[in-house]
Amino acid sequence: MIDNRLRLYFHQLIQQLGWLLVIFGLLVLFGAVPIPARWISLAFILIGLLFSLTYEGVQLDLKNSKIKQYVGFLGLNVGSWESLPDLTQIVLTSSKYSQQIHAIVSRKQVDTRLYRGFLKGENIKLLFASKNRKELVMEQVSEVAEELNLPATDYTVKPPNVIR
């Protein structure tokens, strides 16, 4: 069984709003913000945590050829198991993300490379692994390819390399 958290569910601005709601809820709870009904602070905190900590993930049951794409929050995963579609290959890809971090006197650019594993079929492409370390994704791609008896290709190098 392979279980991967892929990414946070909400957009970054919604996540930041969530943390602001948590902070506001704590301020109301401890009396720094004068709201008579302090129980409202619990609603702010819960909604803020929901916005900030909800994530998307995928579980693969290779023995039974099933996949579960889920949304999770604090260890509770909501989704249903489905049979794997007809697949033709397993693919390893990468992409590079850049972000500028601004400070008072300067800015800094941070580059991040993200490696992803996909189940690929006719008119379908399902993401099942996404990490910053190539070795971890390569290991899972090889495992899935071996279990499902499918070819696997590494598109992070030129020319593309056949893994299996």
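Which residues does Gln 15 touch, not counting residues up to four places away in sequence? They are Leu 8, Phe 10, Phe 51 and Ser 52. The model is a predicted one.

- Two packed helices are described by the angle between their axes and the distance between the axes.
- Helix H1 covers residues 12-29, and helix H2 covers residues 40-53.
- Their axes come within 7 Å. They cross at roughly 155°.
- Angles over 145 degrees count as roughly antiparallel, and H1 and H2 are therefore roughly antiparallel to each other.
- The crossing of H1 and H2 is left-handed.
- On the H1 side, the residues that meet H2 include Ile 14, Gln 15, Leu 17, Trp 19, Leu 21, Phe 24 and Leu 29.
- On the H2 side, the residues that meet H1 include Ser 41, Phe 44, Ile 45, Ile 47, Phe 51, Ser 52 and Leu 53.
- Glycines take part too: Gly 18 and Gly 25 are among the H1 residues, and Gly 48 is among those of H2.
- What kinds of residue make up the contact of H1 with H2? There are 15 nonpolar residues, six polar and no charged.

**Gln 15 in its setting**

- Gln 15 lies in helix H1.
- Its relative accessibility is 15%, so Gln 15 counts as buried.
- Two of the residues that Gln 15 touches, Phe 51 and Ser 52, are listed on the H2 side of the helix contact.

**The largest nonpolar core**

- This core has 24 residues.
- Which members touch the most other members? They are Leu 60, Ile 67, Ile 90, Leu 119, Phe 128, Val 141 and Val 144.
- Several strands give two or more residues to the core: S1 (2-8), S2 (55-61), S6 (87-102), S7 (107-121) and S8 (124-131).
- Helix H3 (134-148) also gives two or more residues.
- Leaving aside neighbours within four places in sequence, Val 144 is in contact with Ile 2, Leu 60, Leu 62, Ile 90, Leu 119 and Phe 128.

- Is Leu 127 buried or exposed? Leu 127 counts as buried, at 12% relative accessibility.
- Beyond neighbours within four places in sequence, Leu 127 is in contact with Leu 6, Arg 7, Val 58, Arg 116, Gly 117 and Phe 118.
- Leu 127 and Glu 147 are 20 residues apart in sequence. Their C-alpha atoms are 17 Å apart in space.
- Ser 130 is buried, with a relative accessible area of 12%.
- With neighbours within four places left aside, Ser 130 is in contact with Arg 5, Leu 6, Leu 114, Tyr 115 and Arg 116.

- Lys 96 lies in strand S6. Asp 111 lies in strand S7.
- Lys 96 is in contact with Asp 111, Thr 112 and Arg 113, leaving aside neighbours within four places in sequence.
- How far apart are Lys 96 and Arg 113, C-alpha to C-alpha? The distance in space is 4.4 Å, and in sequence they are 17 residues apart.
- Asp 111 and Lys 96 are 15 residues apart in sequence. From C-alpha to C-alpha they are 6.8 Å apart.
- Seen from Asp 111, the contacts are Lys 96, Tyr 97 and Ser 98, again leaving aside neighbours within four places.
- Asp 111 counts as partly exposed, at 42% relative accessibility.

**Backbone points in the loops**

- Ser 65 lies in the loop between S2 and strand S3 (66-73). Its phi is near 55°, a positive value in a residue other than glycine.
- Ser 65 counts as partly exposed, at 32% relative accessibility.
- Leu 74 is in the loop between S3 and strand S4 (76-78). Leu 74 has a positive phi of about 50°, although it is not a glycine.
- Buried or exposed: which is Leu 74? Leu 74 counts as exposed, at 61% relative accessibility.
- A cis peptide bond joins Lys 158 and Pro 159. Its omega is about -10°.
- Pro 159 lies in the loop between strand S9 (152-154) and strand S10 (161-162).

Methods:
Residues are numbered from 1 along each chain as its sequence is written. This is a predicted model: local features need pLDDT of at least 70, side-chain atom pairs count only at pLDDT 80 or more; totals for chains, interfaces and linings use all residues. Side-chain values use heavy atoms; hydrogens and water are left out. Axes are lines fitted to C-alpha atoms, for helices over the stretch in contact, and angles run from 0 to 180 degrees between N-to-C directions. Helices (H or I, at least four residues) and strands (E, at least two) are DSSP runs, numbered from the N terminus. Angles under 35 degrees count as roughly parallel, over 145 as roughly antiparallel, 65 to 115 as roughly perpendicular and the rest as oblique. A crossing is left-handed if the near helix is turned anticlockwise from the far one by less than a right angle, and right-handed if clockwise. Contact means heavy atoms within 4.5 Å. Ala, Val, Leu, Ile, Met, Phe, Trp, Tyr, Cys and Pro count as nonpolar, Asp, Glu, Lys and Arg as charged, and the others, Gly among them, as polar. A nonpolar core is a set of buried Ala, Val, Leu, Ile, Met, Phe, Trp, Tyr and Cys residues joined through side-chain atoms within 4.5 Å. Buried means under 20% relative accessible area, exposed over 50%, partly exposed in between (1.4 Å probe, protein chains only).
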